Amino acid sequence: MAQTQKINSEKPLTTAINAWLENQPKYVNELWDELVYLRNRPLKKSKYEKQVKLDRPVAVFSKEERLKEGMGKEITLIFKSSACSWARSKSGGCTMCGYWNDRAPETITEENYWSQFTNALGRYEELLGNPEEKIVFKMFTSGSFCDPKEIALDLQYRILKKLATYPTVKEIVIESRPEYITETLMTKYHEILPKQYLEIGVGLETTNNFVRTNIINKGFAWKAFVKAMDILHKFHFGVKAYLLFKPPFLPEYAALVDIHHSIRQCVEYGIDTISVNPTNIQMHTICNELEKINRFRSPWLYSLLWVLKHSLTNEDLKHTRIICDPSAAGKDRGVHNCQVFDKSNAECLQILHEFVVQQDVTCIPETFSGSCWNSYEMELLLGNL
């Protein structure tokens, strides 16, 4: 039975990714060649040495977080894994994604994964054991938790069974590409987690198929995401859509239009959580190469706040949770305003934090003041962003 499960769970990789690879035009193959080249660049010695410590996760941390039912604590575990199957494929993966850099450079075993997991539990044993706490436990790999080639099925079940023993863990969040979210797998997850709310994040990035396929190089269509969402809702699990704000090759205004339409469509489809992710510039990516020749910069904080205010209503926020915790926020390679040292960065990030906590669009003002705001308005109008 276990062997049959394994064969069936690997089938989506053949039917989805391989089929995609065989039917793409020449210019897409040229993009793949560039991505594969970037993926194979050697890492710095310090980075490589960190990678080979297979029993230690990439990162473990805790902070306040917005749960479905009010505020609580987040414990986030980022596994060192064998890397995303899509990034490992001929395609080279997504144009903005640098998580490939955190992969394990050699074979990683189930016990390596288990040691990383128990390492995280040990760090937050007191928090997990405090009956007053409400915790969301997040587990991320550089690819898909549900992919049996990345994390074996028996290990997936073992990890979830352990988390099910903690009454304080109210929510569990993992990530996966849609082709690995099957009824067979979700049936097993549902048996293991009868009480906890499971949410699976999918890197949808945009609801626009052209942008997702030709600019982000995601390798799946909107209909694949909707199919995965329907399966999750059938088992009363949640779906989180990761939306990318400003992929490479899109100017600021075009990116604003794209993320606005994507948020609206996700709300209308009843997606449980939307995570808005402004692009941060990661090593060995197309974004990084474009940034070197002044052809890309991360979006403005003003743009981020504008799109959250004008794409949502407080009525929407009663049934769709909005998360936004940008990486490298306020820094050169992350979402920022005209200069990283301008006080508007801290002001905007404080407004963003209040919005996420309160889930209230009135936290965000219509306009701002200061030299950075004046520069933003002028550059946006002139199309220079």
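**View 1. Surroundings of Y189 in the predicted model.** Setting aside neighbours within four places in sequence, Y189 is in contact with F145, C146, Q156, Y157, L160, I174, L198 and F237. The structure shown here and in the other views is a predicted model. Y189 belongs to the largest nonpolar core, which has 88 residues. F117, M139, M186 and L308 join Y189 as the residues with the most contacts inside this core. Helix α10 (residues 222-234) gives the core its largest share, seven residues. Another core lies apart from this one and has 21 residues, including L35, L38, W100 and F296.

**View 2. Helix α10 and the elements packed against it.** Helix α10 has 13 residues, and the distance from its first C-alpha to its last is 19 Å, close to the 18 Å expected at 1.5 Å a residue. Its buried residues are W222, F225, V226, A228, M229, I231 and L232. These residues pack against α8 (183-192), α9 (209-215) and α11 (252-268), and also against strands β5 (197-205) and β6 (238-245). Just after α10, H236 has a positive phi of about 65°.

**View 3. The aromatic pair F79 and Y113.** This is one of 13 aromatic pairs in the structure. The ring centres of F79 and Y113 are 5.9 Å apart and the planes are at 75°, so the pair is edge-to-face. F79 lies in the loop between β2 (70-78) and α4 (85-88), and Y113 lies in helix α5 (residues 110-123); the pair links parts of the chain 34 residues apart. F79 counts as buried at 1% relative accessibility, and Y113 counts as buried at 3%.

View 4. The charged end of R158 sits over the ring of W114, 3.8 Å from the ring centre. R158 also forms a salt bridge with E111, with the closest N and O atoms 3.1 Å apart. This bridge links helix α7 (residues 153-163), which holds R158, to helix α5, which holds E111, across 47 residues. R158 is partly exposed, with a relative accessible area of 33%, and E111 is partly exposed at 45%.

**View 5. The salt bridge between E65 and K138.** The closest N and O atoms of E65 and K138 are 2.6 Å apart. E65 is in strand β1 (residues 59-67) and K138 is in strand β3 (residues 135-140), 73 residues apart. E65 is buried, with a relative accessible area of 7%; K138 is buried at 8%. Both belong to a network of salt bridges that links K63, E65, E74, K138 and D325. The structure has 17 salt bridges by the rule used.

**View 6. The salt bridge between R264 and D316.** The side chains of R264 and D316 meet at 2.7 Å, N to O. R264 lies in helix α11 and D316 in the loop between α13 (301-311) and β8 (321-323), so the bridge ties together parts 52 residues apart in sequence. R264 is partly exposed, with a relative accessible area of 23%, whereas D316 counts as buried at 9%.

**View 7. Further aromatic rings.** W300, Y302, F368, W373 and Y376 are linked into a cluster by ring pairs. The charged end of K246 sits over the ring of F296, 5.6 Å from the ring centre.

Methods: Residues numbered from 1 in each chain as written. Predicted model: local features only at pLDDT ≥ 70, side-chain atom pairs only at ≥ 80, totals over all residues. Heavy atoms only, no water. Core = buried A, V, L, I, M, F, W, Y, C linked by side-chain atoms within 4.5 Å. Buried < 20%, exposed > 50% of the residue type's maximum accessible area, 1.4 Å probe, protein only. Helix = DSSP H or I, 4+ residues; strand = E, 2+ residues; numbered from the N terminus. Contact = heavy atoms within 4.5 Å. Expected span 1.5 Å × (residues − 1). Phe/Tyr/Trp six-rings, centres within 6.5 Å; stacked < 30°, edge-to-face > 60°. Lys NZ or Arg CZ within 6 Å of the ring centre and 35° of its normal. Salt bridge = Lys/Arg side-chain N within 4 Å of Asp/Glu carboxyl O.
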